[in-house]
Amino acid sequence: MKKHYTYLLLFLCVLAACKGNKTTASAEDLKSNMKGETVLKAFSDTLLLDTFKVVLKGEKPANMTMNFTITAHDGALIYQKDFKATDLLKNYASTLDLKKKAKQLEFMQQELKLFLDEENFLEPAVTENENPDQHAPDKDFYNELKRSGLNGFKYRLSNETEVYIAWSAQKKQVLPYYSCCK
């Protein structure tokens, strides 16, 4: 009889611990995502560092947004892009199982963590032996990047589409210089 109580007590403790950890981890993940991820990199200047920041806003995938900003070394906001979770989830629906809310939240948290991954920073944006192709929307800007040596950044819109951006010293703004398939 004592043995049965021991097993029952052990089972209830494990059950309570598992349930408690999921709730705590989820709440901690949401708080962490509100703070976001930040990286300092040379972007609008070859020497001075700009601030790349990505933050996940909202608690449910239906109203969640991933906000991406680049702030120049002088404090000026030079780029801002919001990604609706619903759009990102829709773009990956054919390749990932994202029907359940828990999977959707997990996916968005993973996207946040990978967004500012080191491999997304391109130094330089365009090398001198690269040439623009049909996926370069502005050939003049592409050639400006070849001459300037400024760095680039890429991000995914879907499993098949990546957008490459860089600073245009001539136009004084961040522009896309390449958009294509993986």
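**Contacts and overall build**

I looked up contacts in the protein chain, counting heavy atoms within 4.5 Å as a contact, and found that residues 24 or more positions apart account for 47% of the contacts with a separation of 6 or more. I note that this is a predicted model, in which local features need pLDDT of at least 70 and side-chain atom pairs count only at pLDDT 80 or more, while totals for chains, interfaces and linings use all residues. Residues are numbered from 1 along each chain as its sequence is written, and side-chain values use heavy atoms, with hydrogens and water left out.

For the secondary structure I took DSSP runs, with helices as H or I of at least four residues and strands as E of at least two, numbered from the N terminus. The chain has four helices and eight strands, and along the sequence they follow the order α-β-β-β-β-α-α-β-α-β-β-β.

**Burial and core**

I used buried for under 20% relative accessible area, exposed for over 50% and partly exposed for what is in between, with a 1.4 Å probe and protein chains only. By that count, 36% of the 182 residues are buried.

**Second largest pocket**

On a 1 Å grid over the protein atoms alone, a pocket is an open set of points where a 1.4 Å probe fits, with protein on both sides within 12 Å along at least five of seven lines, and lining residues have an atom within 4 Å of a point. I read a volume of about 170 Å³ for the second largest pocket, a volume being the space filled by probe spheres set on the points, which are joined across faces, edges and corners. Eleven residues line this pocket, and Leu-114, Phe-115, Glu-119, Asn-120 and Arg-156 lie nearest its centre. Helix α3 (101–115) and strand β6 (152–156) each supply at least two of the lining residues.

I sorted the lining with Ala, Val, Leu, Ile, Met, Phe, Trp, Tyr, Cys and Pro as nonpolar, Asp, Glu, Lys and Arg as charged, and the others, Gly among them, as polar. The lining then divides into three nonpolar, one polar and seven charged residues.

**Single residues**

Leu-47 lies in the loop between β1 (37–42) and β2 (49–57) and is exposed, at a relative accessible area of 72%. In helix α4 I found Asp-140, which is 37 residues from Tyr-177 in sequence and 9.5 Å from it in space, C-alpha to C-alpha. Cys-181, in strand β8, is partly exposed at 48%.
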